[in-house]
Amino acid sequence: MKTLGILGGMSWESTQHLYALINRDVAARLGGLHSAQLVLHSVDFAPIAAQQAAGDWAGAARVLGEAAAGLRRAGAEALLIATNTMHRVAAEVEQAAGLPVLHIVDSTADALRAAGVKRAGLLATRFTMEQAFYRERLWQRHGIEAITPDEAGRAEVHRLIYEELCRGRFEAASREWLRDAVGRLADRGAQAVILGCTELGLLLPAGAAAAVPLFDSTELQARAAVDWMLG
């Protein structure tokens with residue numbers, strides 16, 4: 001089994017879920033007492049979130065790059081960034097660590113393509129929905145178009161993530177709002193919806209009833225990680 005490094009804590013709510021998903025998958029595939037061979041650096045999210053809000057992506061890249069370099073020294077052979085938004089600096093992290101990042105867009109896109117999806121809704125932080133790094137990789141590398149909610153919808157998804165989910169709050173009213181947001185994207189032609197923030201699947205799981213199929217980026221990232229570790 002290869003050793004995987006995880007950059008986590010963004011937020012720790014989703015990191016613990018990812019950690020469990022990876023270990024359960026390894027145990028299911030190998031049986032017995034097997035578990036995943038991992039090294040984890042969990043950052044303090046508050047300073048990172050402040051850098052995101054300020055547009056200081058270079059500063060955030062330095063923090064994650066230093067952590068990633070430490071994971072390499074600890075024995076990691078590849079990296080997982082346990083957050084969609086911070087894939088904004090995936091290239092900088094790879095360069096700082098000298099290790100490949102198993103990119104969350106690629107694992108999500110592979111599942112979408114296997115399902116024949118060419119137009120997908122994207123629910124995520126404002127950074128992920130509004131900046132180009134996520135949507136462009138989906139389109140340029142995988143031929144999948146991503147559409148996002150309107151301005152008010154993007155603001156509400158962002159608020160829900162930072163003010164509720166990252167703080168461990170999972171409200172029934174927010175779940176229904178999110179389900180309705182999926183329906184609105186389906187009305188605009190989305191064949192599926194990407195849960196493109198690592199916390200969203202904790203509120204509305206991929207198997208939940210919705211207007212179109214849901215693709216949970218965290219679950220897909222975990223599966224791809226185990227494929228790599230055992231491949």
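Visitor: Which helices each supply at least two residues of the lining of the largest pocket?

Guide: They are α4 (90–97) and α7 (132–142); helices here are DSSP runs of H or I with at least four residues, numbered from the N terminus. This is a predicted model, where local features need pLDDT of at least 70, side-chain atom pairs count only at pLDDT 80 or more, and totals for chains, interfaces and linings use all residues. Residues are numbered from 1 along each chain as its sequence is written, and side-chain values use heavy atoms, with hydrogens and water left out.

Visitor: What shows where empty space is left?

Guide: Rolling a probe the size of a water molecule over the atoms does. On a 1 Å grid over the protein atoms alone, a cavity is a set of points where a 1.4 Å probe fits but cannot get out, while a pocket is an open set with protein on both sides within 12 Å along at least five of seven lines; lining residues have an atom within 4 Å of a point.

Visitor: Which residues lie nearest the centre of the largest pocket?

Guide: Look for H87, A90, A91, H103 and R137, among the 13 lining residues. Helix α7 gives the largest share, five residues.

Visitor: Why does the largest pocket lie between domain 1 and domain 2?

Guide: Because domain 1 (4–102) and domain 2 (105–217) both give residues to its lining. Those bounds come from an automatic or database domain assignment.

Visitor: How many cavities of 30 Å³ or more does the structure hold?

Guide: One. Residues lining the largest cavity include M10, F45, Y162 and E199, and α2 (45–54) and α8 (151–164) each give two or more.

Methods:
Grid points are joined across faces, edges and corners, and a volume is the space filled by probe spheres set on the points.
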